[in-house]
Amino acid sequence: VIPEPLRLEGNRVLLLDQTLLPEREVWIEVRDADTMASAIARLQVRGAPAIGIAAALVLAVEAGRGGNVSERVARLEQAGRVLRASRPTAVNLAWAVDRVLDAARDAARAPGAAAGSSAPGSSAAASDEGAARLAARVRQEAEAIWREDLEASRAMAAHGAALFPNERRFLTHCNTGSLATGGGGTALGVLLELHRRRPDGIEVWATETRPLLQGARLTAWELQRSGVPARLIPDSAAAHVILRDRIQAVLVGADRIARNGDTANKIGTLGLALAAREAGIPLIVVAPSSTLDPALPDGSGIAIEERDPSEVTSIRGVRTAPEGMEARNPAFDVTPGRLVAAIVTERGVRRGPTYDLGSV
Ligand code: MRU
């Protein structure tokens with residue numbers, strides 16, 4: 001029922017424009033890395049795993065665009081720089097770009113790959129063959145990243161659902177479903193799996209997720225289409241609802257997780273974690289291992305994206321604050337690992353309050 005947010009068709013990537021949902025389902029066509037980088041920055045495709053997959057797919061398109069082996073590698077390196085710079089917080093983006101570029105460099109080093117690229121006298125046919133092999137290798141890697149994300153979603157849904165055999169009332173934040181991934185889901189994937197296992201057994205409270213309303217526009221849409229009993233709440237009602245409506249667990253995704261479990265996720269997650277601690281209920285982070293950044297000892301080194309203040313001073317193009325009002329717009333916050341009861345990846349469940357994810 002929920003479409004995958006992207007498609008790879010020949011020499012183009014199609015994105016379901018998430019800025020227009022739920023009113024309009026418009027697919028946009030992306031044929032180069034510059035266009036993909038601006039689609040990622042504008043959140044036409046968003047969610048940590050989805051932007052990694054989108055970057056990988058457009059690199060596959062770039063790899064097929066002609067030129068000899070060294071020209072293609074140079075183009076991919078440049079495309080990788082542009083894509084990586086489009087959003088700083090979710091590590092899945094840099095991870096996917098690095099993985100595809102490694103595959104490209106590997107293909108370029110293969111015996112005979114560079115024939116004809118510079119060596120005088122080598123045949124154009126050999127050059128074409130090396131370049132075609134490189135393009136095929138890059139495409140294969142991009143498709144593997146996508147496929148593995150779908151597999152990870154399935155595994156996380158099973159591991160996460162097993163944690164809650166009886167619980168009924170859940171709260172979630174932002175959008176962590178099909179649209180945020182390659183068509184699976186992280187935290188929302190667990191909730192959908194619980195609903196599948198116990199059709200009348202769960203209720204979900206979803207936050208609006210100001211300022212860009214990923215909860216109101218996207219999570220509400222996914223929950224409704226999946227038939228899950230759910231209600232939308234303003235972000236500012238979350239602590240009240242957690243305490244008064246006796247929420248039993250808060251499930252969120254992640255954009256980057258440091259080795260000690262410190263978790264960057266959509267702005268507002270930290271407040272949910274504090275409210276969950278006060279209520280004595282678990283906050284569970286659900287994320288594929290591509291979101292782990294074990295090179296970072298803790299969350300202090302995570303770059304937090306600051307978006308345009310106009311997203312705060314207006315709502316969907318309509319100004320709400322007086323002209324000239326300053327605003328700040330941090331898109332993510334970092335929840336200390338000690339406030340995270342468990343981290344669910346495709347590999348299983350790690351329980352807190354202390355973590356050493358270097359060994360995962
Ligand atoms: O700014 P967004 O919409 O890309 O932020 C998304 C989130 O914060 C999600 O919780 C996170 O990427 C995990 S999605 C599976």
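Me: A salt bridge is a side-chain nitrogen of Lys or Arg within 4 Å of a carboxyl oxygen of Asp or Glu. How many salt bridges does a search of the whole structure find?

Reply: This is a predicted model, in which local features need pLDDT of at least 70, side-chain atom pairs count only at pLDDT 80 or more, and totals for chains, interfaces and linings use all residues. Residues are numbered from 1 along each chain as its sequence is written, and side-chain values use heavy atoms, with hydrogens and water left out. Side chains of opposite charge can pair when their charged atoms come close. For the whole structure, the number of salt bridges found is 27.

Me: How many residues apart in sequence are the parts that Arg-316 and Glu-23 tie together?

Reply: The closest N and O atoms of this salt bridge are 3.2 Å apart. Arg-316 sits in the loop between strands E12 and E13, and Glu-23 in the loop between E2 and E3, so the pair ties together parts whose separation in sequence, in residues, is 293. Helices (H or I, at least four residues) and strands (E, at least two) are DSSP runs, numbered from the N terminus. The separation asked for is 293 residues.

Me: Is Glu-141, the salt-bridge partner of Arg-137, buried or exposed?

Reply: The two side chains meet at 2.9 Å, N to O. They are four residues apart in helix H5, so about one helical turn separates them. Buried means under 20% relative accessible area, exposed over 50%, partly exposed in between (1.4 Å probe, protein chains only). Arg-137 is partly exposed at 26%, while Glu-141, at 12%, is buried.

Me: Which residue forms a salt bridge with Arg-259?

Reply: The closest N and O atoms of the pair are 4.0 Å apart. Arg-259 is partly exposed, at 32% relative accessibility. Its salt-bridge partner is Asp-356.

Me: What distance separates a polar side-chain atom of Arg-46 from an oxygen atom of the ligand?

Reply: There are 18 residues around the ligand, Arg-46 being one of the closest. A residue is near a molecule if one of its heavy atoms lies within 4 Å of it. From the polar side-chain atom of Arg-46 to the ligand oxygen, the distance is 2.7 Å.

Me: Which elements give two or more residues to the shell around the ligand?

Reply: A polar side-chain atom of Gln-214 lies 2.9 Å from an oxygen atom of the ligand. The elements that give two or more residues to the shell are helix H2 (48-63) and E9.

Notes
Polar contact = N/O pair within 3.5 Å; in protein donor to acceptor, adjacent residues only side chain to side chain.
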